[in-house]
Amino acid sequence: MMWIPMLSLTALPHVGGIFGGLITRKEVKTWYTRLNKPSWRPPNAAFPVAWTTLYTGMGYGSYLVWKELGGFTQDALLPLGLYGMQLALNWAWTPIFFGAHNIKLAMIEIVMLTGTVAATMVSWYPISRTATLLMVPYLAWLCLATSLNYCIWRDNPDPKKDY
């Protein structure tokens, strides 16, 4: 029955991704098209493919850490706690950026997310190098996404601000 935790932990990140996709789907065709975006941004079609791959890798990595530490034990508190924190931050970014259209808050949030992912990787390394390596593409993608978020924030001043 060890496949149940493996499938559950691998699938878990996709839960937030599915809800985020519902928010994003509408906004990508309306609000997002009106934003100034850098020329180097990936095409919209790349995002669902990238996130599906990244969510699967991070989910499986969490399973490897969980398994190596014998489940949700005292030793698992920090590495899986950091993982849970980064997952919550990951899921929160889409409603902030696409739902609330709050580009500045999304920028702050994604910087916190990227730092939490790095901390998660540091905590995972002594436990499972494979799990840590599964997070490398995610961290790289977050660096790209953070840069993209910054450029969109910089190039789309908030019209509600008083200057």
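I am working on a predicted model, where local features need pLDDT of at least 70, side-chain atom pairs count only at pLDDT 80 or more, and totals for chains, interfaces and linings use all residues. Residues are numbered from 1 along each chain as its sequence is written, and side-chain values use heavy atoms, with hydrogens and water left out.

Entry: salt bridges.
I count a salt bridge when a side-chain nitrogen of Lys or Arg is within 4 Å of a carboxyl oxygen of Asp or Glu. Searching the whole structure, I find two.
Arg-154 pairs with Asp-155, N to O at 2.8 Å. I looked up the accessibility of both partners. Arg-154 is partly exposed at 45%, and Asp-155 is partly exposed at 28%.
Lys-26 pairs with Glu-27, N to O at 3.2 Å. Here Lys-26 is exposed at 55%, whereas Glu-27 is buried at 10%.

How many disulfides does a search of the whole structure find? I get zero. My cut-off is a pair of cysteine sulfur atoms within 2.5 Å.
I checked Cys-143, and the nearest cysteine sulfur belongs to Cys-151, 14 Å away. Cys-151 is likewise in no disulfide, and its nearest cysteine sulfur is that of Cys-143.
Is Cys-151 buried or exposed? I read 10% relative accessible area for Cys-151, so I log this cysteine as buried. Cys-143 comes out partly exposed, at 41%.

Methods
Buried means under 20% relative accessible area, exposed over 50%, partly exposed in between (1.4 Å probe, protein chains only).
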